[in-house]
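Here is a short note for someone opening this entry for the first time. The points can be read in order with the structure on screen.

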Amino acid sequence: MKLSTIKGYMLKEFTELWRTRLILMVFLMPSMVLLLFGYGMRMEVNHARLLIIDNDQSVYSSELISKFEHTKYFNTTLAQISEKEALHLIKQAKIDAIVIIPSSFEKRLLHGQRSEIALFVDGAFPTRATTVESYIQATVLSAVSDVAGKRKLTPKGVITINQRTLFNQAMRDEDAIVPGLIGLVLLVAPAILAALLIVKEKEKGTIFNFYASALSKGEFLLAKLLPVFLLHSLNIFILFLWAVYLFKVPFRGSFALYWFTSELYILISLSIGMLISVITKRQIVAVVLTVVVTILPGFLYSGMLMPISSMKAESYIEAHLFPVMYYNHILYDTFLIGQGLASDKIIYYLFILVGFFILLFTLGRVLLKKEMS
Amino acid sequence: MSTLELKDVTVLYKKHIGIKSASFAAKSGEIIGFIGADGSGKSSLMHAIAGVIRFLGEISYKGTAYHSPKEAEKIKEYIALMPQGIGLVLYDTLSVGEHLDFFADIRNIKKDAKFKEYREKLLHMAGLSRFIDREARNLSGGMMQKLSLICTLLHRPKLLILDEPTTGVDPLSRLELWEILDSIRREEGTVILVSTAYMQEAAKMDRVLLFDDGEIIANGTTAELIDSIRPYVYKEDVCQSKSCLSFNKKSYSLENLNGAHSEPTLEGLFFVNALKTSKTLPKIERLERSQKVDLPEVVMEARDICKYFGGFIANEEIDMQLKRGEILGLLGANGAGKTTFIKMLLGLYPIDKGELTLLGKSIRSGKDRQSLKSKIGYVSQHFALYKDMTVRENLIYFANMHKIPLAVAIERIERYSQELGFARYMDELPTSLPLGVNQRFSIAAALLHEPVILFLDEPTSGVDAIARAQFWEILQKLKEEWGISILITTHYMSEAEYCDRVVLLKEGKKIADDTLEQLYSTHPNAKSFEDIFLSFYREKQG
């Protein structure tokens with residue numbers, strides 16, 4: 001290991017990154033992804049257009065309606081139209097949901113009988129439909145328990161619910177999405193850069209300078225990967241600042257843990273890039289391949305779209321095969337929970353990440369040959 | 001004592017053999033030349049010696065034997081490889097000075113006073129002292145090659161391996177490269193292995209290895225090699241038997257021809273070897289044509305033609321005439337603007353400035369060309385063939401493009417395949433055939449619609465000596481029997497000899513335009529066309 005050699009090679013890498021303007025990509029891409037997705041991806045539903053047909057016109061029914069009118073989740077309209085006409089409005093995409101209160105609503109309730117409220121939801125976007133449906137159910141239940149409480153009634157079969165969302169009390173999308181995006185970006189960007197730096201030399205032919213010289217494999221890899229590591233280490237801080245100050249995501253855990261885990265995660269990412277550079281010869285192929293093997297799992301198994309614990313069979317196993325799940329677990333903890341190293345699971349996951357790095361790096365190092373293929 | 005010794009070195013690729021059991025030895029201070037066509041195994045052998053590719057057999061350098069790239073690691077500090085391709089090992093955005101620093105770093109050279117002195121000396125030798133701050137992408141091809149060379153010389157290698165350092169480089173830079181090599185081997189006692197596609201450079205080598213189809217077919221000094229074929233070379237004679245072929249005023253025969261002998265050239269070795277291994281392509285007897293040729297006196301006239309790519313001037317005010325029934329050679333180094341010019345003639349690039357007249361018709365727009373398409377044939381630099389269609393399918397496709405009735409097309413394809421001697425390859429894929437055969441049926445594809453002008457862009461580069469010789473015979477036949485005009489570009493200066501007239505291009509400008517006889521009479525001292533080219537180059541250098 002000759003330090004001056006590595007220093008000289010690294011100097012060349014930085015000069016090239018600067019003159020080819022690739023440096024712009026290194027810093028623009030991660031921040032852009034965070035800003036675009038952070039603002040663009042919305043899971044929660046606000047102001048869903050709700051049509052209520054009140055066939056009862058009683059005290060209870062109007063109490064229920066006022067419940068709907070007083071939440072930010074719905075824009076409520078009242079209309080006395082037929083069910084058929086209302087359904088037609090859904091077809092035309094003029095409303096998102098219909099609630100029909102039956103004519104004997106109050107009477108039946110007072111007699112302790114079951115009463116059915118009809119609910120129609122536009123299912124064109126299933127996730128949105130489910131959300132709207134659950135909002136409506138929650139609102140109805142809350143109305144019922146209010147009524148029951150006021151009248152000191154304890155009707156049989158009336159459920160009292162005490163729902164509380166944990167860790168993300170405000171149910172803010174930013175809190176749920178932005179940390180996941182950091183996990184995505186830090187997996188994709190260093191891998192692409194690492195793959196590019198090596199494949200670029202293969203495509204151009206300058207790789208012969210490495211093949212034909214006494215430069216060792218270790219020196220070559222250090223000179224190639226250290227710049228990627230250093231540059232993307234800066235992104236750990238930049239992305240943190242965006243998350244906490246722009247998206248106002250709370251940060252409850254230890255910054256040291258966030259930093260250390262992210263550096264480890266970058267090492268995993270650039271090992272993936274190095275592995276890809278072993279099997280590709282063209283820069284464009286390297287980029288496409290890196291994007292495919294990092295973005296898809298980085299997105300699907302990030303926990304952004306669906307919690308890993310609720311995944312089934314194959315997807316559950318697949319999620320455990322990619323490093324993103326482990327990193328994101330720690331990431332969400334440092335942002336939203338703050339258990340840190342007190343949690344055994346986090347310590348366990350840290351070891352798994354170290355294992356990922358050792359495995360991928362060793363594989364890349366062994367497969368990278370100092371000869372033409 | 002040999003410094004470098006090879007024993008039965010074989011390089012295998014997935015589908016073919018790179019080089020088959022090569023053995024030779026070299027002493028300190030020796031320049032060994034590798035000569036042969038593309039794909040004949042020169043690069044494979046160089047890569048094996050440099051330890052950058054897996055090989056079978058044994059190579060030993062100063063007593064250290066190695067059998068794989070891994071084992072070669074221990075000698076890598078003594079060797080240097082400059083792979084094939086202009087500026088291949090250079091980084092576009094780094095300057096000349098930064099390159100030298102980088103190469104010094106990766107070779108772990110201490111940057112002391114001694115190094116600085118050597119660096120200055122190399123820069124001076126390469127004529128790059130004034131360009132230390134220029135980025136590599138802004139250097140000319142010749143400068144790139146000189147920079148690559150001094151970068152590989154920085155750590156004073158004892159074994160220098162140069163793969164076609166001069167191909168496509170302008171002749172003046174080529175001479176300078178050879179001067180650098182000569183002084184290096186004298187001062188440092190370096191073993192230099194250098195490959196080249198130019199036969200003329202053999203004279204500068206101590207010993208020559210001739211490569212043909214993955215084998216070393218001869219090994220010796222130039223004089224020895226030439227002597228070895230002396231008995232088989234005659235003054236041009238009528239060849240009757242299969243073991244005889246004639247080319248460029250000489251006949252090569254294994255049997256006694258009873259005629260006068262002629263002074264052989266190195267190129268002759270390839271002919272004799274081909275005769276010995278009976279690897280010659282079939283001879284061309286005649287070429288038939290169904291339509292008569294009626295050409296004006298001047299077939300093509302270009303006046304003040306210019307082409308710019310951004311700030312780069314690719315062609316500057318070029319005047320050129322192509323006359324009836326002549327072969328016009330357009331010569332120049334890589335990047336001199338030959339291909340750009342042909343592409344403008346064909347309408348593949350718009351003409352930025354100037355006037356063009358084709359077959360008496362002034363060309364101003366694409367419409368003007370429409371009626372001429374059936375009269376022009378074109379063979380592009382890399383033979384534009386479809387790799388996943390057989391030769392026959394390719395030809396039928398080209399016939400369809402020219403709207404030739406199918407019956408006529410099939411008859412012509414059949415006839416050409418006989419006349420040009422590729423009939424037995426008709427149902428094979430182009431990629432599985434030798435380049436020489438591909439070249440022949442590319443010509444056939446361009447001739448299907450019986451054009452009256454033929455534009456050929458570097459049709460001979462990478463093709464072996466025999467295929468090249470026979471290719472020129474085809475062109476001669478086309479000229480004589482069909483009476484058509486041919487414009488051909490090449491970077492082989494020696495091929496100028498087969499043209500009626502030559503135009504020399506340098507950095508986008510025309511520097512000479514004359515018939516061959518005229519050029520030789522104005523340059524009485526010239527031994528070959530190379531010398532003439534060189535003198536033009538020097539004149540314009542100022």
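**Notes on the interface and the chain B sheet**

1. Chain B and chain A bury about 2,400 Å² between them, and carbon and sulfur atoms give 56% of that area. The model is a predicted one. The size of an interface is often given in this way, as the accessible area lost when the parts come together.

2. Three residues stand out on the chain B side. B:Val52, B:Tyr91 and B:Ile106 supply 24% of the area that chain B buries against chain A, more than any other three residues. In the contact as a whole, 29 residues come from chain B and 24 residues from chain A.

3. How many salt bridges does the rule find across the interface of chain B and chain A? The number is 4. A salt bridge to look at is that between the side chains of B:Glu73 and A:Lys370, with N to O at 2.9 Å.

4. Polar contacts were counted with both residues at pLDDT 80 or more, and 16 residue pairs are in polar contact between chain B and chain A. On the side of chain B that touches chain A, strand E6 (79–82) and helix H3 (96–106) of chain B each supply at least two residues. H3(B) gives the largest share of that side, 5 residues. Sorted by class, the side of chain B that touches chain A has 14 nonpolar, 9 charged and 6 polar residues.

5. Chain B also holds an open sheet of 6 strands with mixed pairing, in the order E6-E7-E8-E3-E9-E10. Which are its edge strands? They are E6 and strand E10 (215–220) of chain B, each of which pairs on one side only. From one strand to the next, the twist averages 15 degrees.

6. Within the sheet, strand E7 (residues 159–162) and strand E8 (residues 191–196) of chain B run parallel and are joined by 4 bridges. To find this pairing on screen, take B:Leu162, whose bridge partner in E8(B) is B:Val194.

7. Two helices of chain B can be followed against the sheet. Helix H1 (residues 42–50) packs on the sheet and touches strand E3 (31–35), E6, E7, E8, strand E9 (207–212) and E10 of chain B. The direction of H1 makes about 155 degrees with that of E8(B). Helix H6 (residues 171–188) of chain B packs on the sheet as well, touching E3, E7 and E8 of chain B. For H6, the angle with the direction of E8(B) is about 160 degrees.

How values were computed
Residues are numbered from 1 along each chain as its sequence is written. Chains are lettered from A and ligands numbered from 1 in the order in which they are written. This is a predicted model: local features need pLDDT of at least 70, side-chain atom pairs count only at pLDDT 80 or more; totals for chains, interfaces and linings use all residues. Side-chain values use heavy atoms; hydrogens and water are left out. Contact means heavy atoms within 4.5 Å. Buried area is the accessible area (1.4 Å probe) that two parts lose on being put together, summed over both. A polar contact is a pair of N or O atoms within 3.5 Å; within protein, one must be able to donate a hydrogen and the other to accept it, and residues adjacent in sequence count only if both atoms are side-chain atoms. Ala, Val, Leu, Ile, Met, Phe, Trp, Tyr, Cys and Pro count as nonpolar, Asp, Glu, Lys and Arg as charged, and the others, Gly among them, as polar. Two strands pair if DSSP finds at least two bridges between them. Axes are lines fitted to C-alpha atoms, for helices over the stretch in contact, and angles run from 0 to 180 degrees between N-to-C directions.
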